[in-house]
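This briefing goes through one protein chain by topic, from overall make-up to single contacts. Please look over the sequence and the structure before reading on.

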Amino acid sequence: MENKKTRTKRLLDFFEKNHDHYIQSLKSGVWLPIPEIVSGGYKVSLIDESKVADLNHLFKYDSFNLEISDNAVWICDIGKLLSFDKTLFQDRDEIFYYDLDKIKVTSGLRVPMPNGKYLVSILGSLENQQPCFSFVFKPVSEFDGFKDPREDEKYSFQFDEIK
């Protein structure tokens, strides 16, 4: 999106008002928005494609575009894009806060990953009754098409709807 000179800090509002830019961001793998996830404790893992068969997944969606730069990917609360602050993601590997009970809540993780283009699969499973999102990153040389994870009629990332 940098080549489009997008300078807004309210990225979610920008994409909502500029659907063409939103679609272009998905095609070029700028981000992978996973919508409508009920807040709560989730386990997040990156797994190798060879481990997918061993996972008792409730849902699996394949082939979302994502291009990695800076040798890392951030997995975080989409609310971080309501008022984007680039410095929040610099010089750290985790974004967190403490709740009212003084329990640490992680809202973003930086995961080391080689630069490049990837097709991402998203799997949902329950591990000891805890919802778990697993991601598989398959390297590709180019993107061929795109998928919009916000198409409600195709994708549901809600564990309570599936149980």
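Among contacts in the protein chain between residues at least 6 apart in sequence, 70% join residues at least 24 apart; a contact means heavy atoms within 4.5 Å. The model is a predicted one, in which local features need pLDDT of at least 70 and side-chain atom pairs count only at pLDDT 80 or more, while totals for chains, interfaces and linings use all residues. Residues are numbered from 1 along each chain as its sequence is written, and side-chain values use heavy atoms, with hydrogens and water left out.

**Overall make-up**

- The protein chain has two helices and seven strands; helices (H or I, at least four residues) and strands (E, at least two) are DSSP runs, numbered from the N terminus.
- Read from the N terminus, the order of elements is α-α-β-β-β-β-β-β-β.
- Of the 163 residues in the protein chain, 33% are buried; buried means under 20% relative accessible area, exposed over 50%, and partly exposed in between (1.4 Å probe, protein chains only).
- The accessible surface of the protein chain is about 10,700 Å², and carbon and sulfur atoms account for 47% of that surface. Accessible areas come from the Shrake-Rupley method with a 1.4 Å probe, and for residues only the protein chains shown count as cover.

**Helix 2**

- Helix 2 covers residues 19–27, and its residues Tyr-22, Ile-23, Ser-25 and Leu-26 are buried.
- These buried residues line one face of helix 2, because they fall within an arc of 155° when seen down the helix axis. The arc is that of the directions from the helix axis to the C-beta atoms.
- As background, an α-helix has 3.6 residues a turn, so residues three or four places apart point the same way.
- Gly-29 follows helix 2 and has a positive phi, near 75°.

- Four strands make an open sheet with mixed pairing, in the order 1-7-6-2; two strands pair if DSSP finds at least two bridges between them.
- Strand 1 (43–46) and strand 2 (57–68) are at the edges and have a single partner strand each, so one side of each is left without a neighbour in the sheet.
- From one strand to the next, the twist averages 20°. The axes are lines fitted to C-alpha atoms, for helices over the stretch in contact, and angles run from 0 to 180 degrees between N-to-C directions.
- Strand 1 and strand 7 (residues 130–140) run parallel and are joined by four bridges. Lys-43 has Cys-132 in strand 7 as its bridge partner.
- Ser-125 is found in strand 6 (residues 116–127) and is buried, with a relative accessible area of 1%.
- Leaving out residues up to four places away in sequence, Ser-125 touches Leu-55, Asn-56, His-57, Leu-58, Gln-130, Pro-131, Cys-132 and Phe-159.

**Strands 3, 4 and 5**

- Strand 3 and strand 5 are antiparallel and pair over five bridges. Ile-75 has Leu-109 in strand 5 as its bridge partner.
- Strand 4 and strand 5 also run antiparallel, joined by five bridges. Leu-109 in strand 5 is the bridge partner of Glu-94.
- Five residues separate strand 4 from strand 5 in a hairpin, and Lys-102 in the turn has a positive phi of about 65°.

**Salt bridges**

- The structure holds five salt bridges, each a side-chain nitrogen of Lys or Arg within 4 Å of a carboxyl oxygen of Asp or Glu.
- Asp-93 and Arg-110 form one of them, at 3.4 Å, N to O. Asp-93 lies in the loop between strand 3 (72–76) and strand 4 (94–98) and Arg-110 in strand 5 (residues 104–112), so the pair ties together parts that are 17 residues apart in sequence.
- Asp-93 is partly exposed at 47% relative accessibility, and Arg-110 is partly exposed at 27%.
- Glu-94 and Lys-104 meet in a salt bridge at 3.2 Å, N to O. This pair links Glu-94 in strand 4 with Lys-104 in strand 5, 10 residues apart.
- Glu-94 is partly exposed at 25% relative accessibility, and Lys-104 is partly exposed with a relative accessible area of 40%.
- Glu-142 and Lys-117 meet in a salt bridge at 3.3 Å, N to O. Glu-142 lies in the segment after strand 7 and Lys-117 in strand 6, so the pair ties together parts that are 25 residues apart in sequence.
- Glu-142 is exposed at 56% relative accessibility, whereas Lys-117 is partly exposed with a relative accessible area of 21%.
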